[in-house]
Amino acid sequence: MYLALTKNNSKALFFAWLGGILTGASSFSIFGISGAVFLIFTAVFIVLCETVFLNLKTGTILFASAIGVTLYHFTNWATINIFAFFKIGVFENFGFYFANLGFLSELIFTALLMLAIFKIKNKI
Amino acid sequence: MRNNSLAIFFILLLTSLVFIFFNQSRAVLLLKQSVNEILKPIEIAFAKPKSWLSFWQSAFFNIKNIKESNNRLILENLNLNEKLAKLSQLEEENSLLREKLNLSQKSINTSLARVIGRDFQNNRSFLIDKGTNDGINAGMTVISKGETIVGRVIDASANTAKVQTILDAQSRIAAIAEKSKISGLVRGLGSDAIFDLIAKDKNPEAGELIISSGTDGIWPRGFVIGKIKEAKSKDNQVFNTADIELSADPRDFDSVFVILNSQ
């Protein structure tokens, strides 16, 4: 998200995909799905950064973090269910991705982390 | 730049699709295994902080539940403590009743009484909650658990009675050492008692049990008084003496048995 917000799109796409592949190696879902999810999510986020998140103010970063986390969970759910439709993997409940403490913690933690990174890099 | 990003996106997406659709192929499985092996040390390193974070996350969002659970547990604990106290009381009562039954089986008729007052200054006497209305009279022997002599009723009113302990300076019990059969007199000294009037040529062993001999016609026979601690013999004295350790410390019990009759 940091790379996307700072317009390093190619790097953002590559590192997102790589992160997805690495996390997918030890998760319960099919290998490759996490990579695809992170890639699609990053692509959509890049589009949003170029249309909505035009500056790097504190408010924008917080908003972008919240949108980013929500978008990631949604993309995850949608991608897994699309592949399940093609008989790869199983269908998963929408609530499983949102109605839990993990989602809430991620929102808070991501926002704080993003603010910290931008602060350290002196971008805000 | 934009075309560059687009190209990268499609290449990486294609790669992911290959992995997904050929996820059971040997190459993909090998790749997954290799990545797993590389990441294992990092996973292990992150396991503990992850678990710590998970714990505090859960704690933070469950504060209300934790507080309610805590209050409930405090109340439960109080109730359990109360039950425990009652249980201890019942256990004590049970033990006393068993003792009473044991004495009844030996044809020793007793009355169970509670200690309701003590002479804290010198432990020479105490008050019990039974009196003449319960068949208690002056002169009756008072024992505690284990058929141990504690004292004698010296005064009885309608509902209470005063017991003089064997520590009292006026208390005298004809006694005998159980093993060596050495006879003597257990005499109260106020804070302690001694085994006195032991024949000059006799020396009881340390640890020997002292029991009432019944030869004085006042105290019943065969009840435990204490144990010999140390025998003493002095040239300028006519008799030997011995320090004794009482089996029943008058300060330690809450209930006693008054012997109504003994056969």
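View 1. Of the 124 residues in chain A, 45% count as buried, where buried means under 20% relative accessible area, exposed over 50% and partly exposed in between (1.4 Å probe, protein chains only). This is a predicted model, in which local features need pLDDT of at least 70, side-chain atom pairs count only at pLDDT 80 or more, and totals for chains, interfaces and linings use all residues. Residues are numbered from 1 along each chain as its sequence is written, chains are lettered from A and ligands numbered from 1 in the order in which they are written, and side-chain values use heavy atoms, with hydrogens and water left out. Chain A has six helices and zero strands, giving the pattern α-α-α-α-α-α along the sequence. Helices (H or I, at least four residues) and strands (E, at least two) are DSSP runs, numbered from the N terminus.

**View 2. Contacts and surface of chain A.** Take the contacts (heavy atoms within 4.5 Å) in chain A between residues at least 6 apart in sequence: 64% of them join residues at least 24 apart.

**View 3. Where chain B meets chain A.** Here 25 residues of chain B are in contact with 27 residues of chain A. Together the two chains bury about 2,200 Å², 77% of it on carbon and sulfur atoms; buried area is the accessible area (1.4 Å probe) that two parts lose on being put together, summed over both. B:L12, B:I20 and B:F61 supply 25% of the area that chain B buries against chain A, more than any other three residues.

**View 4. The helices on the chain B side.** Both α1 (2-21) and α2 (26-61) of chain B supply at least two residues each to the side that touches chain A. The largest share of that side, 13 residues, comes from α1(B).

**View 5. A loop residue of chain B.** B:E147 lies in the loop between β3 (141-144) and β4 (148-156) of chain B. Is B:E147 buried or exposed? B:E147 is buried, with a relative accessible area of 15%. Leaving out residues up to four places away in sequence, B:E147 touches B:E99, B:N102, B:L103, B:K106, B:F223 and B:V224.
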